[in-house]
Amino acid sequence: MGARFTIVLDTDDPQGLRDALEIATILNRNHNTLSASSPGKAKIGKIALIKMVRDVAKKVEDGKMNSSLRDCKRFVDGKWQLLL
């Protein structure tokens with residue numbers, strides 16, 4: 001069992017709030033406490049999303065994939081690391 005910490009937040013101390021967030025983020029990353037069902041939050045811009053949608057539409061039109069959940073998941077899984 002690891003160490004236990006209590007973080008006290010003082011809303012009148014903006015720098016202290018930033019420091020507490022940094023500590024919590026580091027601990028979260030080091031101990032892999034993210035949920036297994038959501039291993040990361042994707043970050044994508046509007047243009048990149050549009051390009052992905054166009055890519056999927058083209059593959060569906062060309063018959064290389066269909067609009068099933070399975071094929072869509074495979075497509076997203078192939079791009080997931082690029083989105084993180």
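**Close-ups of a helical model**

Panel A. Asp71 is buried, since its relative accessible area is 16% (buried is under 20%, exposed over 50% and partly exposed in between, with a 1.4 Å probe and protein chains only). What you're looking at is a predicted model, so local features need pLDDT of at least 70 and side-chain atom pairs count only at pLDDT 80 or more, while totals for chains, interfaces and linings use all residues. Numbering starts from 1 along each chain as its sequence is written, and side-chain values use heavy atoms, with hydrogens and water left out. The partner of Asp71 is Arg74, and their side chains form a salt bridge at 3.4 Å, N to O (a side-chain nitrogen of Lys or Arg within 4 Å of a carboxyl oxygen of Asp or Glu). Arg74 counts as exposed, because its relative accessibility is 54%. Both residues sit in helix 3 (residues 69-83), three residues apart, or about one turn of the helix.

**Panel B. Lys73 and Asp77, also in helix 3.** Here the side chains of Lys73 and Asp77 make a salt bridge at 2.6 Å, N to O. The two are four residues apart in helix 3, about one turn. Asp77 is partly exposed, because its relative accessibility comes to 45%.

**Panel C. Lys58 and Asp62, another charged pair.** The side chains of Lys58 and Asp62 join in a salt bridge of 3.4 Å, N to O. Asp62 is partly exposed, because its relative accessibility is 44%. Searching the whole structure turns up four salt bridges.

**Panel D. A patch of negative charge on the surface.** Asp10, Asp12, Asp13, Asp19 and Glu22 gather here. A patch takes residues with over 30% relative accessible area and no salt bridge, joining like charges within 9 Å and nonpolar side chains (Val, Leu, Ile, Met, Phe, Trp, Tyr) within 5 Å. Lys and Arg count as positive and Asp and Glu as negative, leaving out His and the chain ends; each charge is placed at NZ of Lys, CZ of Arg, CG of Asp or CD of Glu. Asp13 lies in the segment before helix 1 (14-30). Asp13 is partly exposed, because its relative accessible area is 33%.

**Panel E. A nonpolar patch on the surface.** Phe5, Ile7, Leu9, Leu17, Ile23 and Leu27 make up this one, and together they have about 550 Å² of accessible area (Shrake-Rupley method). Leu27 is part of helix 1. Leu27 counts as partly exposed, because its relative accessibility is 30%.

**Panel F. Lys43 and Trp80.** Lys43 is in the loop between helix 1 and helix 2 (46-61). Lys43 is exposed, because its relative accessible area is 67%. Along the sequence, Lys43 and Trp80 are 37 residues apart, yet their C-alpha atoms are 9.9 Å apart in space.

**Panel G. Zooming out to the whole protein.** There are three helices and zero strands (DSSP runs numbered from the N terminus: H or I of at least four residues for helices, E of at least two for strands). In sequence order, that reads α-α-α. Buried residues account for 7% of the 84 residues. Take the contacts between residues at least 6 apart in sequence: 35% of them join residues at least 24 apart (a contact has heavy atoms within 4.5 Å).

Conventions. Areas by Shrake-Rupley, 256 points an atom, 1.4 Å probe, with all protein chains shown as cover.
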